[in-house]
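Look over the sequence and the 3D view first, then read the notes below.

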Amino acid sequence: MSTKNRAKATAKNIEGKVQEAVGDVTGDPKTQAEGKDKQAEAKVRHAVEDVKDRAKEILE
């Protein structure tokens, strides 16, 4: 498990949530979409780390 990679993914998720909220407040659909994209990217990064962890467990 890479704590560093998980931390980056969590930071990306938070960044995306903030950006989406700013888009909601300002009524800017582009900003909302960019925020949602960042959250989706974070979800994928977490999934990759989960797969790495599981593979490591299997190999041990």
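Does His46 count as buried, partly exposed or exposed? His46 counts as partly exposed because its relative accessibility is 24%, where buried means under 20% relative accessible area, exposed means over 50% and partly exposed is in between, with a 1.4 Å probe and protein chains only.

This is a predicted model, in which local features need pLDDT of at least 70, side-chain atom pairs count only at pLDDT 80 or more, and totals for chains, interfaces and linings use all residues. Residues are numbered from 1 along each chain as its sequence is written, and side-chain values use heavy atoms, with hydrogens and water left out.

**Overall form**

- The protein chain has two helices and zero strands; helices (H or I, at least four residues) and strands (E, at least two) are DSSP runs, numbered from the N terminus.
- The radius of gyration of the protein chain is 14 Å, well over the 10 Å that the globule rule gives for 60 residues, so the chain is more spread out than a compact globule.
- That radius is taken over C-alpha atoms, and the globule rule is 2.2 Å times the number of residues to the power 0.38.
- Along the principal axes, the C-alpha atoms of the protein chain fill a box of roughly 50 × 15 × 10 Å.
- Of the 60 residues in the protein chain, 22% are buried.

**How the helices pack**

- Helix α1 covers residues 3-26 and helix α2 covers residues 29-59; they pack at an angle of about 160°, with their axes 7 Å apart.
- That angle makes α1 roughly antiparallel to α2, since angles over 145 degrees count as roughly antiparallel, under 35 as roughly parallel, 65 to 115 as roughly perpendicular and the rest as oblique.
- Axes are lines fitted to C-alpha atoms, for helices over the stretch in contact, and angles run from 0 to 180 degrees between N-to-C directions.
- By class, the contact of α1 with α2 has three nonpolar, eleven polar and 16 charged residues.
- Ala, Val, Leu, Ile, Met, Phe, Trp, Tyr, Cys and Pro count as nonpolar, Asp, Glu, Lys and Arg as charged, and the others, Gly among them, as polar.

**Annotated region**

- The UniProt record, an unreviewed entry, places the feature "domain: CsbD-like" at residues 5-57.
- Over residues 5-57 the chain is 96% helix and 0% strand, and the end C-alpha atoms are 18 Å apart.

**Residues in helix α1**

- Ala7 lies in helix α1 and counts as partly exposed, at 45% relative accessibility.
- Ala7 and Thr31 are 24 residues apart in sequence, and their C-alpha atoms are 23 Å apart in space.

**Residues in helix α2**

- Lys36 is in helix α2 and counts as partly exposed at 49% relative accessibility.
- Between the C-alpha atoms of Lys36 and Gln19, 17 residues apart along the chain, the separation is 8.2 Å.
- His46 also belongs to helix α2, and its C-alpha atom is separated by 20 Å from that of Ala33, 13 residues apart along the chain.
- Asp53 is found in helix α2 and is buried, with a relative accessible area of 15%.
- Asp53 and Ser2 are 51 residues apart in sequence and 8.7 Å apart in space, C-alpha to C-alpha.

Methods:
UniProt positions are given in the numbering used here, feature names are shortened, and annotations may be inferred rather than shown by experiment.
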